[in-house]
Amino acid sequence: MINNVIIVGRLCHDPVLNTIDEGITVCNLTLAVTRPFKDMNTGEYGTDFINVSLWFGISKIAHDYTSKGDIIGIKGRLTSKTKEINGFN
């Protein structure tokens, strides 16, 4: 099985750097990725907003050298999470 993805998009906000257990750094950001096709009803290109978490060394680099509006590319893997709110997933 292969879980590999490449995403290129524009940063929606400045990256946020957090330090968690034992000095591990994680940088959270959101990428706006324009779809490569037009919506049949509106004739406009749609946009997906993808939340990304960068860990360890690359988190500090992303925080220090990128900002809102920059176009960046990320290669990584996809993970999914579920969160229970009021008894629903």
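## The nonpolar core

The largest nonpolar core holds 11 residues: Ile7, Leu11, Cys27, Leu29, Leu31, Val33, Val52, Leu54, Ala62, Ile72 and Ile74. Such a core is a set of buried Ala, Val, Leu, Ile, Met, Phe, Trp, Tyr and Cys residues joined through side-chain atoms within 4.5 Å; buried means under 20% relative accessible area, with a 1.4 Å probe and protein chains only. Two or more residues come from each of strand 1 (5-11), strand 3, strand 4 (45-55) and strand 5 (71-76), and strand 3 gives the most, with four. Strands here are DSSP runs of E, at least two residues in length, numbered from the N terminus.

This is a predicted model: local features need pLDDT of at least 70, side-chain atom pairs count only at pLDDT 80 or more, and totals for chains, interfaces and linings use all residues. Residues are numbered from 1 along each chain as its sequence is written, and side-chain values use heavy atoms, leaving out hydrogens and water.

## Strands 3 and 4

Strand 3 and strand 4 pair in the antiparallel sense over 10 bridges; pairing requires at least two DSSP bridges between the strands. Their hairpin has six residues between the strands, and Gly43 there takes a positive phi near 75 degrees.

## A closer look at Thr30

Thr30 belongs to strand 3 (residues 25-38) and stands opposite Asn51 in strand 4. Thr30 is buried, at 12% relative accessible area. Its side chain makes a polar contact with that of Asn51 (2.9 Å); the term covers N or O atom pairs within 3.5 Å, where within protein one must be able to donate a hydrogen and the other to accept it, and residues adjacent in sequence count only if both atoms are side-chain atoms.

Key. Buried < 20%, exposed > 50% of the residue type's maximum accessible area, 1.4 Å probe, protein only.
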